[in-house]
Amino acid sequence: MTSYILGMFGIAAFAITGVISSGKKGMDLFSLVFLGMVTSLGGGTIRDVILSMETVYWVKDTSYLWVAAMSSMFAFFAVRVIENREGLFNYADAFGLALFTVVATERVLLYGFSPTIAITMGVITGIVGGIIRDVLSHRSPLVLGREFYATPAFLGAFLMVILEYSIPDHEFNAIYAVSFIFVLRVLAMKKGLYYPNWLLYQKKRHD
Amino acid sequence: MTSYILGMFGIAAFAITGVISSGKKGMDLFSLVFLGMVTSLGGGTIRDVILSMETVYWVKDTSYLWVAAMSSMFAFFAVRVIENREGLFNYADAFGLALFTVVATERVLLYGFSPTIAITMGVITGIVGGIIRDVLSHRSPLVLGREFYATPAFLGAFLMVILEYSIPDHEFNAIYAVSFIFVLRVLAMKKGLYYPNWLLYQKKRHD
Amino acid sequence: MTSYILGMFGIAAFAITGVISSGKKGMDLFSLVFLGMVTSLGGGTIRDVILSMETVYWVKDTSYLWVAAMSSMFAFFAVRVIENREGLFNYADAFGLALFTVVATERVLLYGFSPTIAITMGVITGIVGGIIRDVLSHRSPLVLGREFYATPAFLGAFLMVILEYSIPDHEFNAIYAVSFIFVLRVLAMKKGLYYPNWLLYQKKRHD
């Protein structure tokens with residue numbers, strides 16, 4: 001149940017980032033709702049397809065579809081009164097990344113896959129929706145940026161697996177892991193959390 | 001049967017837009033045929049994969065594959081004698097959008113899915129092939145443009161569902177819905193059909 | 001067995017191109033490993049999903065996942081000592097294209113699909129991973145370039161089908177076809193192999 005509700009929040013958060021990211025003056029409601037829905041439903045769709053689930057989650061339970069549509073509509077109108085759109089975008093994206101990664105990791109474990117697959121699919125689910133959004137709206141994908149992005153998702157998925165193995169079915173596991181990813185990502189944006197130099201990409205000197 | 005033939009026309013129309021959109025002086029036949037095929041088969045492939053169909057439509061019936069390949073070849077040579085390539089591109093895209101949306105909506109209903117899913121998959125099938133094409137050829141996706149694009153697809157899919165529920169199996173249903181989308185889209189391009197202002201994306205004033 | 005090992009080499013080669021292509025000064029290890037893995041596992045994932053395989057290959061056998069991750073890490077550190085990154089990128093891409101196309105063609109034939117589908121899926125598997133990489137790293141897709149790209153893949157897949165039908169289960173078939181594609185692609189890059197003019201895209205004169 002906790003994870004169902006967390007999943008819905010993730011859908012809403014990513015839908016909002018999709019609308020903010022693609023929105024240009026004069027675009028119409030339906031186009032932006034479509035893009036918000038693609039952003040928010042994309043990652044989980046790819047997860048279910050790769051895992052050969054019998055039915056993709058939002059085809060089985062159309063509530064996800066409605067939450068994505070409604071959140072996109074909300075964002076469409078809300079941007080008119082919001083001061084700091086870029087700030088909202090960044091926090092909503094961090095929140096969505098955290099929620100999707102953790103919920104997906106949990107669900108994939110639940111279906112009986114190995115931890116390796118659970119972590120991989122958790123990271124994919126968290127990151128891919130945002131990549132589709134960024135490609136469509138000609139924004140350089142956040143995952144290609146300088147700040148931590150894949151790392152918090154990876155560590156959070158890892159933490160979730162450890163928690164699920166050590167305290168199975170504890171209802172707060174997901175909340176711990178989500179908070180962990182969210183805080184790490186926000187710290188990365190605010191404080192410029194970096195790796196030590198030898199873990200950063202470097203070309204040969206005289207290039 | 002009608003819908004089978006309409007589907008083939010849709011494949012041909014989108015293949016042509018794929019070639020025109022990606023074609024740059026000096027590109028070779030095979031590369032462009034590949035891109036034409038990706039554009040025309042992409043939307044329906046994603047539809048079948050999301051709905052967990054047992055076999056993707058062009059794997060089951062390779063006629064689709066051949067129509068896509070032949071139309072792409074045709075476009076490759078035809079552009080040499082065509083005056084108004086941009087015009088052909090726009091009409092072929094509108095035609096393909098109309099055909100794919102309606103044929104997909106009908107097929108998904110036929111498989112027993114709910115109207116919500118049928119409309120969603122209709123819109124996805126109609127729009128996604130063009131998005132892939134636009135991303136690959138560095139064209140800003142049409143769906144992100146100022147003119148109506150998602151709206152005609154959505155309304156047409158909606159109309160198709162209503163027609164199928166009120167006059168089931170009437171062979172002209174698909175033709176009505178296709179014409180509706182096509183005309184709406186052409187009007188949008190030619191006459192600059194817009195929404196009333198409050199349905200357009202607006203940022204806060206002093207941005 | 002041969003094809004299993006060739007497949008692993010393909011994974012490694014494409015992972016390296018993914019890291020080189022996306023790498024920008026200051027990016028961190030995890031983000032680049034993620035992009036290397038997407039590049040190297042993407043094509044085969046799409047193949048298995050389109051063919052409705054019961055389980056995607058790297059979900060069934062996670063060795064693929066580990067080879068992709070390890071090769072990406074290797075590339076991440078190796079670029080510091082490599083003189084000619086663009087050269088390595090081009091050869092690794094040609095090698096990956098050759099391996100993926102041939103291994104996929106063979107595997108699809110083995111599953112009992114028709115030659116048409118085997119060739120189509122071979123070309124898709126070979127090309128699509130690179131397209132995803134190029135889109136994500138804002139590089140113009142190689143398949144859209146002036147040199148032969150889709151053609152060697154297509155001809156190599158064709159050759160593989162002929163070999164498999166005339167000398168079934170001969171263990172060197174795959175090696176012949178891989179060499180054929182690789183040599184053709186390298187010749188295209190080095191010697192500027194082109195088609196005769198009438199097989200190149202040409203717009204109307206007075207455009």
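Mentor: Chain C puts 37 residues into its contact with chain A, and chain A answers with 36 residues. Keep in mind that this is a predicted model. The area buried between chain C and chain A is about 3,100 Å². Carbon and sulfur atoms give 66% of that area. On the chain C side, Phe30(C), Phe34(C) and Arg80(C) supply 20% of the area buried against chain A, more than any other three residues.

Between chain C and chain A the count is zero salt bridges. Three residue pairs are in polar contact there, with both residues at pLDDT 80 or more.

Which elements of chain C give two or more residues to this side? They are helix H1 (2–22), helix H2 (29–50), helix H3 (57–60), helix H4 (63–78) and helix H6 (115–136) of chain C. H2(C) brings the largest share, eight residues. By residue type, the side of chain C that touches chain A divides into 22 nonpolar, eight polar and seven charged.

Next, the geometry. Chain C superposes on chain A by a rotation of 120°, with 0.0 Å of shift along the axis and an RMSD of 0.0 Å. That is the relation of a three-fold axis. Val49(C) is the residue of chain C that comes closest to the rotation axis, with its C-alpha at 4.1 Å. Only 5% of the interface residues of chain C are also interface residues in chain A, so the copies meet through different surfaces.

Turn to chain A and chain B. Here chain A gives 37 residues and chain B gives 36 residues. About 3,100 Å² is buried between them, 66% of it from carbon and sulfur atoms. In chain A, Phe30(A), Phe34(A) and Arg80(A) lose the most area to chain B, together 21% of what that side buries. Zero salt bridges are found across this interface. Three residue pairs are in polar contact across the interface of chain A and chain B, both residues being at pLDDT 80 or more. H1, H2, H3, H4 and H6 of chain A each give two or more residues to the side that touches chain B. H2(A) has the largest share, eight residues.

Arg133(A) lies in helix H6 of chain A and Asp93(A) in helix H5, so the pair ties together parts that are 40 residues apart in sequence. Both Arg133(A) and Asp93(A) are buried. A network of salt bridges links Asp93(A), Arg133(A) and Asp134(A).

Chain B has examples too. Arg133(B) forms a salt bridge with Asp134(B), with the closest N and O atoms 2.9 Å apart. Arg133(B) and Asp134(B) are both buried. Another salt bridge joins Arg139(B) and Glu86(B), at 3.5 Å from N to O. Arg139(B) lies in the loop between helix H6 and helix H7 of chain B, and Glu86(B) in helix H5, so this pair ties together parts that are 53 residues apart in sequence. Glu86(B) counts as partly exposed, because its relative accessibility is 43%.

Notes. Residues numbered from 1 in each chain as written. Chains lettered and ligands numbered in written order. Predicted model: local features only at pLDDT ≥ 70, side-chain atom pairs only at ≥ 80, totals over all residues. Heavy atoms only, no water. Contact = heavy atoms within 4.5 Å. Buried area = accessible area lost by both parts, 1.4 Å probe. Salt bridge = Lys/Arg side-chain N within 4 Å of Asp/Glu carboxyl O. Polar contact = N/O pair within 3.5 Å; in protein donor to acceptor, adjacent residues only side chain to side chain. Helix = DSSP H or I, 4+ residues; strand = E, 2+ residues; numbered from the N terminus. Nonpolar A, V, L, I, M, F, W, Y, C, P; charged D, E, K, R; others polar. Least-squares fit on C-alpha atoms with pLDDT ≥ 70 in both. Buried < 20%, exposed > 50% of the residue type's maximum accessible area, 1.4 Å probe, protein only.
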